[in-house]
Each structure stands twice: as C-alpha cells, then as structure tokens.
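Trainee: I would like to go through this structure term by term. Please set each value against its definition.

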Amino acid sequence: MKKKLQGEQGIAARESRSRLMIVFFTVAIMVAIWAAVATQIHLNRVRQAESEEADAVAKVRAYEQALARQVELFDAQLQALQHEWQEGPAMFAQTVAELRKGSLRHYEISVAVIDLEGRMVFLDAPGSTVPAKPLSAVGRDYFDYFIQAPSRSNQLFIGELVASRLSGRMVTPFARPLRDENGHLSGVLALVVYPEYLVRLGGFIDLEEADRLILLDRNGQVVTSTHPELFAPGSHLSGAAKPREGQSKGVMLVDDQVMAWKSLRDYPFTIVLQASNSADRRHSREIERSYLLFAGLPLLGMLAFVALLLRDLGQRGQALRKLARSELLAASVVNAMAEGVIRTDGAGIILDVNAAASTILGIEREFLIGLSAVSDDWLVIKPDGGECLGADLPASLVLRTGKPQKDITLGFVRPDGSRVWLNTSARPLAAEVGGGVLMSFSDVTRVMDSVLEASLGSAVVQAMAQAVVVTDRSGCIVRINPAFEELYGYTRREAVGRPAGFYRADRHDREFYRRMWSSLAERGHWEGEVWNRHRNGVALLVWAAISVVRDEAGQVAHYVALYQDITEKKRTEEEMWFGANHDVLTQLPNRRLFNDRLDKALAVAERGAEKVGLLFIDLDHFKPVNDTYGHAVGDGLLVQVAGRLTALVRGSDTVARLAGDEFVILLTGVVTIDDVRRVADGVVAALAQPFEVEATTLEISASVGVVLFPDHGHNLDALVRAADRAMYQAKAAGRNRYVMAETGS
Ligand SMILES: Nc1nc2c(ncn2[C@@H]2O[C@H](COP(=O)(O)OP(=O)(O)OP(=O)(O)O)[C@@H](O)[C@H]2O)c(=O)[nH]1
C-alpha cells in the first residue's frame, strides 16, 4: 500500500515538476522578451528626447542670431537717425522717408522724437499723424530711462511692450538719446516696432507649423509669438511651461513636450521654443507599436501553447496515475506470490523476477536481472540425473516453438551448491506487452527427494552400520542414513540438498581430489583414507569407499559413498609402528628403522651422484657411569646424548640408537667427504662437553667410526662392518675421536 502511494506521489510530483518547469520557462521567456522590448522602447524614447532637445536648442540658437541681427539693424537705423536729427527736422524727415523705402521697407514701424518735456515733436507713423493734443512720453520707460539720468551714455534702450496710444496695438520701443552740439541731452529718439515682425524672423529658422516660438521681455511678459491666440502679447507664460528662474538658458520636457529657452546676452529678450514633435512622435509610437506587436504576438502564441501543454500534461498525468496504480497492483500481487515468476525478453534475457523466484533460486534479484534464462551456464538436471542444457530449458522451448510449456520438473543447482527441485511452466507473452517469456515455478524438492529416496532401496541403506551418503549426478546429497548423522553430527534435513563433501576437513590438496574424481570416472570406484570434519569441528579420519551408480543407459545417476571412522584404529596402528621402530628410552629410531632408512638412502644414492655418510658412535667408558651413579643416571645421560646428536644434524638425516651406548648417524645428500668430517668433528666435540644429569656433572667422550657410500662399501652390511671397524680403531687410538674407514676395506 505504501509503495503504491509512493508510486502515485511520484507521478504527481513529476507532473507538477513538469508544470512548474513549463510555467517557469514561459515566464522567463516572457520576461526576457518584455525586458528587451521595454529596454528598446526606453532607449528609443531617450534617443528621441535627446534629438528633440538638440533640435529645439539648435532652433533657439538660430533664432537668437536672427533676432540679434534684427536688433542690430534697428539700432543701426537709430544711430543713423540720431545723427540726422542734428541736421534739422527737414533733413531728418527726409532720411526717415528714405529709410522707409530702404532698409526698413519690410517693417511696420514708427519713428518718434520726444523733447525733454516729453512732448512728441516728430512722428512718422504710417496711417497716423501727430495728434492735435500732443502726447506725452513721460512715464514711458524708454523716455524716463534717459531723462532720469541725462548723462547716460549713448546706448540703445529697448522698452517694455506697451500699448500704442496712436494705434492701440502693442509695440516695442527701441530708443537712443538725442544730444545738442554741446553734448547735452535734447530729447529721445524712438523706433517703435510692432513686435510680430520680430517673430517673422522665425521663418528663417525652419520652424514647423506647430512649433511655438515666444519672445519674452525682461519682465517675462510675452512680447510676441508665432501663436498669438495662445500667447497674447503682454500675457505671462503659465504653469511649468516657462523658463526656469535664474537660468539664462535651458531645455526640458514639459508634458512630454520639449521646451528650450535662452535669454539674449545683450538685449532684454528671452526666446522660448515649445517644439512640436508630433511627426517624430508619431513615427516612434509606430515603432513602439511594432515592437509591442513583435513581443505580444509570440507571447500570445506561447501562452496558448503552454495552456494546451498543461492541459495535455494533466490528462497524461491522470492516465499515468491510473496505469501506475494498476501496474503497482499487478506487481504487488506477483511479488506476494509463493511461486517464483521470471519475465524475459524475446532473447531470453531476464527483465524482472519476483521475491519468491529470488528466494527459490538462491540468487539476488539484482543479480538475476540481465542474465540469460536460456544459457548453458545454469547447472540444471533432469529427474533422471541427466544434465539439462540451455536449449532444453523451458524458456528456450517457448521461444523456439512459441508454445506454452507446462509442469516440467528440473533440479536447479544454486550458487552455494545446494540443489532445489522445481516444477516449471512457461508461456509466451503477447507482442503488445513487449513479447518474451513468462516463467513460473514452485519448489517441489521435498516431494522429489522422497520419490528419489523411495527408489534407492532405503531400507537397506537405513539399516547399514556404515555411514552412507547418496548424491545425484551433480554431487548434491539426496539422502544420508542414521550412521552418517551419527558420524558427522548433521541431521538429514541439514545435509540433504547440499554438495557432498561439505564436511571436508580441508587437509587434502586439489591433486588428492582430482585423483579421486578421475578414479571414479575411469573405474567407477575410489577408496581411501579421507580427513573429514564432524559438525563440532573435530577432524575425523575415515575410510571412504565411493561408487558410481549408473542408469540403464550407462549414464551416471548417483554417487554412493560409505564412510568408516578409522581415527582410533589409525592412532593405534601408528603407536604400534612407532614402538616397533623406536627406542623406548631416547625415542630415537631403533636399528630396525635405521636399517630401513639406510636401505632407502642407498637406493636413492645409487640413482644419483650423491653419497651417504654413516657415523658409528660408541660412548667411551659408559659402564663406569652406570656402576658409579646407577642405571637411572646412565639412562639420563643416554637421553641427553641423543638430544645433542639430533641437534647436530638436519631433519632429513637420521640419528638412531642401535644398542646400549651405541648410536649411529645416517647422513643423506652428502657431496664430499668433508661434509661428513664436519659432522664427525661436531659429534666428538659435542659429546666431550660435560653433561648435567640429576645434579651430577658427567664427563665422557665418544669414539666414532666414519664410512661413506659408495667409497667404503656398496651395501648395508659392508658399510656397517666398515664403520664398526673404524669405530674400534678410534677406541684403540685412544678414544674421543673419529676414524675414517679405509678405502677398499
Ligand atoms: N644405564 C644403562 N646402561 C646400559 C643400557 N644398555 C646397556 N647398558 C650398559 O652399557 C654398558 C656398555 O659397556 P661397554 O660399551 O661394554 O663398556 P664401556 O664402559 O663403554 O667401555 P668402552 O666401550 O670400551 O669404552 C654396559 O655396562 C651395559 O650394562 C641401558 O639401556 N641403560
């Protein structure tokens, strides 16, 4: 149940992960597109604003230059008229008339001369005459400017916009002082200009229809503008759309419209341009729209696609959950079955196994998957003991014939060597589910064993006193008898099904078992001593007699082994043999064993180039030891002598006690006579050393006769005689020495 939930949760989690990923990537792409578009639009707007500002500033500058030139022109006329006034009124009037036809012909202007009282003494205004009641200029700024400070230098003064008393129109006076011959102020000369002429200059600077050019005077009052309906002369600019106070020039955006302004340095005018940028704006709005379209269309497409994808995913998820639920259900049923189930692909490769299959076969599920179910590597036997090859396995039969196979009994040998009997069925799987084979099998070992047991004359076996074990042809135990249980300590249940020999003591090498098996194969029988081990760990030496049992066809069907415990018997035999061949007192080999070994050594030496050395040793004056200290001390001395002699030679040499105080050393593998001399020197020296026996210090010595085979004799008797002789020669020569036998003796 838990697994099932986990499966569904897994699908749900995967599904919501997929949804999240899709939404995440869609949002990311949308954000990226919109960011790119917004950046582009912003950059466009910035660029446009910059270009609009630059444009406005350039127009203002151009107009500034035109205006300055215009003012300079007016001033030049004023200066000319200033000069003419001194020539008399008639001359002055004539000059004015000439100017009107000449450089001032394009302008609607008036020329007035005002005396020191403020009376207008000369006026030349088209369509106007000097009024009967003379007008007073007192209070007009251009008059007051010079009158209040008569010494003011000869400079141009531009008055503020004022309503003409003659025409009622707004005018701008340009004035200069008039002086008499003495240089005293005699009046003021005014050139009164209808200021709309000043903005006509805008025509020179490429103004656009909607560009608003406004000229302000020093008080911020509108002097004139290209759009008098919006900016009436004498009015003030309202709101934010006016130059920043204290700044003589600047450019800024007001209500998404560029406004540039500049105050003239030399004249009391400020130029304001409210630029029309509608054409550019329209164009850039179109570009922006195309950007938005570019970003918006794919976006809409993407949103639609994502919506479809999510819907599809939801449906798929539902279907998958349903499928997973049914698959989980099926899988848990299969896994809970007591029968082993294996599924393979069309080539017999194992794709899936259930828990029971793994348990029955004794192989981990992970290990089984990927193996071939039709391989020759499986150790499978038929009920008759014959081997079942890969091509005869049920999966192979199904794959070859396409037909189901039912109730095939086979013995399967597990990796641990034990054998299990299986009742197997297999059937082909439909191509829609991927093809392959579905195998199922159950463990029928108990039934099969009892069948086999019954067929093996169990009564006789059971009754036998000897331990009996019967195996199938693969070497797996199919039955044991009570004597076996007693001998090895394993119950029938523990032993049956395991490989025979699982109770080995591992005291024999591979070669031993190889010889056993080849004997069984060649002669159908083997017997001999084998070290096995009881369940409690104690090693047992048994006499094993193993026979092959063949079926009617002559094929190996079973092996039968009989075991007899010979551990005790062997021990007794060994003890008896030891007693017969060794000296009881010193435990050294006795004459019998010595003769035996000498015989063998001579036989070996005869075949090779090596020699055999013999040292006959007789203790000197041993009898007095016995006589003086007693037999026990004599015995103790003999034991110590045996020890010293044994310590002098290699393990392959033999030290034997022949009788009484007579010892012999048999040296094999001798190459030169010097090898023997070295040992003889050692013997004499070792036995001349004092002995400590039962708190008694004894000093004796030995006489040694030395012979060499083949130098001093070709057989045992000749050698022994020669050695004996040599030994007596040593005694005769004064004892405590060795004498080498004479050659040819
Ligand atoms: N303690 C003891 N003495 C033994 C044993 N077998 C023999 N003997 C004694 O060993 C002595 C052998 O003496 P001999 O070799 O004849 O005389 P010896 O005193 O050694 O004189 P030389 O050989 O001429 O130097 C005898 O007295 C035996 O009784 C034994 O097993 N134990």
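**Terms and values**

Mentor: Of the 14 residues around the ligand, Phe622, Lys623, His631, Gly634 and Gly660 come nearest. Strand 23 (611-620), helix 16 (623-629) and helix 17 (631-648) each give two or more residues to that shell. This is a predicted model: local features need pLDDT of at least 70, side-chain atom pairs count only at pLDDT 80 or more, and totals for chains, interfaces and linings use all residues. Residues are numbered from 1 along each chain as its sequence is written.

Trainee: What makes a run a helix or a strand?

Mentor: Both are DSSP runs, numbered from the N terminus: helices are H or I with at least four residues, strands are E with at least two. The chain has 19 helices and 29 strands.

Trainee: Why is strand 1 (residues 109-115) called mostly covered?

Mentor: Buried means 20 or more other C-beta atoms within 10 Å of the residue's own, with C-beta atoms placed from the backbone. Six of the seven residues in strand 1 are buried, so it is mostly covered. Across the 745 residues of the chain, 29% count as buried.

Trainee: How do you know that strand 1 and strand 6 (residues 185-193) pair?

Mentor: Pairing needs at least two bridges found by DSSP. Strand 1 and strand 6 have seven, antiparallel, so they pair. In strand 6, Val192 is the bridge partner of Ser110.

Trainee: How many bridges join strand 1 to strand 2 (residues 120-124)?

Mentor: Four, also antiparallel. Here Ile114 stands opposite Met120.

Key:
A residue is near a molecule or strand if its C-beta atom, placed from the backbone, lies within 6 Å of it. A residue is buried if 20 or more other C-beta atoms lie within 10 Å of its own, exposed if 12 or fewer, and partly exposed in between; C-beta atoms are placed from the backbone.
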